[in-house]
Amino acid sequence: MDLASFAPHGLYVPPPVLEAAAHVSGMAAYRKLVAQAQADYGGYWAGIARDVVAWRTPFSKSLDESEAPFYKWFADGTLNVSWNCLDRHVQAGRGARTAIVFESDAGTVTRVSYRDLLARTCRLANALKARGVRRGDRVVIYLPMSIEGVVAMQACARIGATHSVVFGGFSAHSLRDRIEGAGAVMVITADEQVRGGRHLPLKAIVDEALALGGCDSVRDVIVYRRTGAAVAWNPARDRWLHDECAVQPDSCEPEWVGAEHPLFLLYTSGSTGKPKGVQHSSGGYLVFAAVTMKWTFDLKDDDVFWCTADIGWITGHSYIAYGPLALGATQVMFEGVPTYPDAGRFWQMIQRHGVTIFYTAPTVIRSLLKAAEADAAIHPDRYDLASLRILGSVGEPINPAAWEWYHRNVGGGRCPIVDTFWQTETGGHMITPLPGATPLVPGSCTLPFPGIEAAVVDEAGNDVPNGQGGILVVKKPWPGMIRTIWGDPERYRASYFPPELRGFYLAGDGAIRDAGTGYFTITGRIDDVLNVSGHRLGTMEIESALVSCTELVAEAAVVGRPDDTTGEAICAFVVLKGSRPMGEEARQIANTLRNWVAREIGPIAKPKDVRFGDNLPKTRSGKIMRRLLRSVAAGQAITQDISTLENPAVLQQLAEKI
């Protein structure tokens with residue numbers, strides 16, 4: 001492997017002590033695993049599946065490709081995901097081991113053992129059954145970061161119900177769409193959530209969502225009393241979580257399901273306005289979450305793992321609710337935000353809990369970097385971070401400068417950074433360094449996880465030479481992959497396995513492989529999906545929200561622009577029904593539209609920029625020239641050919657910031 005081409009950014013090799021003790025020790029071990037997968041793909045994954053998951057009925061075949069691209073893994077095997085995450089550790093004599101160290105927004109710490117977590121899961125599972133939830137039913141979970149959130153997910157898995165977690169920042173309209181799409185029979189929520197000292201209503205949003213219509217399938221709303229705030233109550237439908245669980249026994253026989261039984265749905269933004277219900281299996285998903293947890297983080301028995309993601313996203317599913325628990329790990333969970341009560345909160349928590357593996361997003365790193373540079377009192381070097389041995393990054397590519405700062409100031413120059421590329425649809429890490437094996441280069445996610453055949457191709461599915469950009473694909477199915485889009489198999493096929501790519505999985509990202517090393521660098525989305533602070537948001541979804549403000553908006557187009565903190569920022573170009581506003585009027589209308597989008601989708605979708613024009617740049621055939629809008633949003637000079645534009649003068653209007 002020639003690493004000379006990475007000299008400008010420096011090269012970081014695994015620390016010898018870490019490498020010697022790693023699950024995957026050195027590049028020779030990595031190459032051996034890759035070779036094993038190439039020589040016997042089914043046998044390779046079968047060996048991993050038997051190692052990391054306990055099966056009630058052993059499977060006889062790894063991969064079934066007979067209905068491609070609707071692949072099946074370990075299909076004739078049976079298991080229970082909750083039993084794998086909880087019971088087997090208790091039965092192995094590890095029930096007293098701490099499963100979760102939970103720190104609330106206010107700093108209160110609660111520790112829960114595997115034995116306690118199992119009992120709480122069983123009580124809720126019994127309560128769900130008592131309310132008529134059965135195998136195959138869908139349950140929407142709209143909870144804050146909490147032990148109760150993990151318990152709710154595990155309880156659903158225990159009885160064979162399929163959960164769909166909705167991030168607590170989504171609006172009533174977005175929640176309604178997800179309840180309706182899943183056909184949920186129950187919603188589990190809380191009175192409020194607490195973030196950064198602010199109390200935010202959840203039960204009220206659920207009530208609003210159900211009142212919007214289309215959710216007739218919901219029979220019950222179970223409410224976790226987080227703050228004790230007064231909430232509206234429908235006695236025919238609403239139940240307190242503590243009341244329901246208090247009368248239930250703390251044992252519950254698990255429902256043994258086939259490996260392909262849907263474990264969960266997770267709705268993600270697409271390039272059209274309608275969110276996609278990504279469906280994941282039980283067996284293959286758990287296998288992949290567990291092995292990526294083990295190898296990517298080199299997880300050991302004495303580690304304290306902390307993933308800062310929310311359980312409303314796939315990262316919180318794979319690397320909070322399932323991966324760590326499947327391996328019997330001790331992990332930290334956090335309710336709040338990294339800047340409350342100050343931007344030293346994360347470093348304080350690492351010090352307090354002895355965190356050894358820390359996994360967060362580039363947008364967090366960049367914001368804490370800025371805060372530390374502005375206030376030396378909250379710089380990481382003011383805290384004892386000596387417990388750390390591995391750092392991780394997730395959600396978007398991390399720029400080299402932030403990588404270097406993270407490595408030097410948080411990791412003390414000694415901790416490898418696993419810069420992980422993956423997606424809601426992949427279930428787990430696809431391209432990532434392994435900390436005891438892979439030499440690291442800032443800004444590159446390096447090499448595929450062993451057994452993942454990633455490639456960069458052109459529009460016809462042909463491999464492009466290293467050093468040349470193209471479309472990122474995965475050439476072979478893998479156990480943790482999406483099984484379908486809930487209720488829309490044709491959209492699944494068209495979105496992820498377009499015929500022009502010869503049956504390869506389309507990741508939707510561009511990538512380039514270094515000419516010398518073959519290391520991957522992700523170059524950004526190739527579709528109309530934005531990545532804001534690691535959250536995927538469809539441009540059409542935001543545009544639809546804007547134009548639904550029918551009193552004001554005639555037309556809207558949304559694009560992304562680079563942002564130092566969030567990676568990508570939302571920029572909305574709007575044509576109003578009245579005249580183009582100026583000055584204070586423009587500012588007021590822009591704020592009105594931001595708040596409108598927040599109500600329709602959620603605060604995460606609020607445009608950072610709103611700009612007004614008499615029209616949008618269109619060709620004479622009426623097509624909006626989005627490539628020009630991207631240049632305008634980024635503040636770049638227009639160098640593209642605009643000869644086909646019907647109204648080139650509008651570009652100057654849209655370049656004016658409010």
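Me: Buried means under 20% relative accessible area, and exposed means over 50%. In this predicted model, does Phe-74 count as buried or exposed?

Reply: Phe-74 has a relative accessibility of 0%, and therefore it counts as buried. Its place is in the loop between strand E2 and strand E3 (78-79). The backbone deserves attention here as well, for phi of Phe-74 is near 55°, a positive value in a residue other than glycine.

Me: Which other residue has a positive phi, near 50°?

Reply: That residue is Asp-298, placed in the loop between helix H10 and strand E16. Because its relative accessibility is 2%, Asp-298 counts as buried.

Me: Where does a cis peptide bond join two residues, with omega about 10°?

Reply: This bond joins Ala-68 and Pro-69, and Pro-69 has its place in the loop between strand E1 (63-64) and strand E2 (72-73). Another cis peptide bond joins Tyr-340 and Pro-341, with omega about 0°, and Pro-341 lies in the loop between strand E17 (330-334) and helix H12.

Me: How should I read aromatic pairs, and how many are there?

Reply: A pair of aromatic rings is described by two things, the distance of the centres and the angle of the planes. The count comes to 37 aromatic pairs in this structure. Take Phe-288 and Phe-449, whose ring centres are 6.1 Å apart and whose planes stand at 75° to each other; planes over 60 degrees apart count as edge-to-face, and this pair is described in that way. Phe-288 belongs to helix H10 (residues 283-296), while Phe-449 belongs to the loop between strand E20 (417-419) and strand E21 (454-457), so the pair ties together parts that are 161 residues apart in sequence. Both Phe-288 and Phe-449 are buried.

Me: Which aromatic pair is tilted, with 55° between the planes?

Reply: Trp-347 and Trp-405 form that pair, at 6.4 Å centre to centre. Trp-347 comes from helix H12 (residues 345-353) and Trp-405 from helix H14 (residues 400-410), so their contact ties together parts that are 58 residues apart in sequence. Trp-347 counts as buried because its relative accessibility is 2%, and Trp-405 counts as buried because its value is 5%.

Me: Which residues do ring pairs link into a cluster?

Reply: The cluster consists of Tyr-41, Tyr-44, Trp-45, Trp-55, Phe-59, Trp-73, Phe-74, Phe-288, Trp-295 and Phe-449.

Me: What sits over the ring of Trp-240?

Reply: The charged end of Arg-225 sits there, 4.2 Å from the centre of the ring. Arg-178, in turn, lies over the face of Phe-170, at 4.4 Å from the ring centre.

Me: How should I read salt bridges, and how many does a search of the whole structure find?

Reply: Side chains of opposite charge can pair when their charged atoms come close. The search finds 31 salt bridges. In one of them Asp-301 pairs with Arg-94, with the closest N and O atoms 3.5 Å apart. Asp-301 is in the loop between H10 and strand E16 (304-307) and Arg-94 is in helix H4 (residues 81-94), so this bridge ties together parts that are 207 residues apart in sequence. Asp-301 counts as exposed at 56% relative accessibility, whereas Arg-94, at 26%, counts as partly exposed.

Me: Which residue forms a salt bridge with Glu-656?

Reply: Arg-580 does, and the closest N and O atoms of the two are 3.6 Å apart. Arg-580 lies in the loop between strand E29 (567-576) and helix H17 (583-600), and Glu-656 in the segment after helix H19 (650-654), so the pair ties together parts that are 76 residues apart in sequence. Arg-580 is partly exposed at 23% relative accessibility, and Glu-656 is partly exposed at 37%. Elsewhere, a network of salt bridges links Arg-561, Asp-563, Lys-608, Asp-609 and Arg-611.

Me: How should I read a pocket, and how many residues line the second largest pocket?

Reply: Rolling a probe the size of a water molecule over the atoms shows where empty space is left. The second largest pocket holds about 410 Å³ of space and is lined by 25 residues, of which Val-34, Gln-38, Pro-448, Ile-452 and Arg-513 lie nearest its centre. The lining divides into 16 nonpolar, three polar and six charged residues. Helix H2 (26-39) and strand E21 each supply at least two residues of the lining, and H2 gives the most, with six.

Methods. Residues numbered from 1 in each chain as written. Predicted model: local features only at pLDDT ≥ 70, side-chain atom pairs only at ≥ 80, totals over all residues. Heavy atoms only, no water. Phe/Tyr/Trp six-rings, centres within 6.5 Å; stacked < 30°, edge-to-face > 60°. Helix = DSSP H or I, 4+ residues; strand = E, 2+ residues; numbered from the N terminus. Buried < 20%, exposed > 50% of the residue type's maximum accessible area, 1.4 Å probe, protein only. Lys NZ or Arg CZ within 6 Å of the ring centre and 35° of its normal. Salt bridge = Lys/Arg side-chain N within 4 Å of Asp/Glu carboxyl O. 1 Å grid on protein atoms, 1.4 Å probe; cavity = no way out; pocket = protein on both sides within 12 Å on 5 of 7 lines; lining within 4 Å. Points joined across faces, edges and corners; volume = space filled by probe spheres on them. Nonpolar A, V, L, I, M, F, W, Y, C, P; charged D, E, K, R; others polar.
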